[in-house]
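Please find below a short note on the structure, arranged as numbered points. Each point may be checked against the model as it is shown.

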Amino acid sequence: MSVRILALVGSLRAGSHNRQLAEAAVKLAPEGADVVLFEGLADVPFYNEDIDVEGNVPAPAAKLREAAQAADAFLFFSPEYNGTIPAVLKNAIDWLSRPFGAGAFGGKPVAVVGTAYGQFGGVWAQDDTRKSVGIAGGKVIEDIKLSIPGSVVRFAETHPADDAEVAAQLTEVVTRLHGHAGETAAA
């Protein structure tokens, strides 16, 4: 069974280590798992119920919702900004949680991973992301975690896909998420 996993990255920076992790997930996905890196979070306007009108939703938000509806699972890559979730990632969750009761998450499996400069690898932001996406309707897989500390040093000259330890851990994350998505689809 082919499983489509939508990857959302909470950093807009071109050289973001979390983006590099997402690129590695695309590259390392096991057979049957199609990890799709969503492009365009920077273009999605801040959520505002006044502009979330059926038939008139801003095109970038509609594109995000379409990609999410087509996904079987979600993989969030969250850096940590001032001890919490980046605004761009929270905004995506807000758009995907609507319309109320019929959001795009719809009980689909979600895993949250990431890297940050600090010694804990962004765990606060990742925990906040899990909380938010769970409230928004995602089925957060709590035991799939990967927090990589010291990103600035660790990935200064090495892409995460070329770091054997990280590549193995990321492959396990995607493989396990793929398995949960398959179980959800079969249920």
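**Note on helix packing and salt bridges**

1. In this predicted model, the buried residues of helix α3 pack against strand β1 (3–9), helix α2, strand β3 (73–77) and helix α4 (123–135). Helix α3 is mostly covered, with 7 of its 10 residues buried. These are Val88, Leu89, Asn91, Ala92, Ile93, Trp95 and Leu96.

2. The axes of helix α2 (residues 59–69) and helix α3 (residues 87–96) come within 10 Å and cross at roughly 75 degrees. Angles of 65 to 115 degrees count as roughly perpendicular, and α2 and α3 are therefore described in that way. On the α2 side, Ala61, Leu64, Arg65 and Ala68 meet Ala92, Trp95 and Leu96 of α3.

3. Arg65 also forms a salt bridge with Asp52, at 2.8 Å from N to O. Arg65 lies in helix α2 and Asp52 in the loop between β2 and α2, so the pair ties together parts that are 13 residues apart in sequence. Both partners are buried: Arg65 has 13% relative accessibility, and Asp52 has 17%.

4. The structure holds 9 salt bridges. Among them, Arg4 pairs with Asp34, the closest N and O atoms being 3.8 Å apart. Because Arg4 lies in strand β1 and Asp34 in strand β2 (residues 33–37), this pair ties together parts that are 30 residues apart in sequence.

5. Within helix α4, Asp127 and Arg130 lie 3 residues apart, about one turn of the helix, and they form a salt bridge. Asp127 is partly exposed at 37% relative accessibility, whereas Arg130 is buried at 5%.

Note on methods: Residues are numbered from 1 along each chain as its sequence is written. This is a predicted model: local features need pLDDT of at least 70, side-chain atom pairs count only at pLDDT 80 or more; totals for chains, interfaces and linings use all residues. Side-chain values use heavy atoms; hydrogens and water are left out. Axes are lines fitted to C-alpha atoms, for helices over the stretch in contact, and angles run from 0 to 180 degrees between N-to-C directions. Helices (H or I, at least four residues) and strands (E, at least two) are DSSP runs, numbered from the N terminus. Angles under 35 degrees count as roughly parallel, over 145 as roughly antiparallel, 65 to 115 as roughly perpendicular and the rest as oblique. Contact means heavy atoms within 4.5 Å. Buried means under 20% relative accessible area, exposed over 50%, partly exposed in between (1.4 Å probe, protein chains only). A salt bridge is a side-chain nitrogen of Lys or Arg within 4 Å of a carboxyl oxygen of Asp or Glu.
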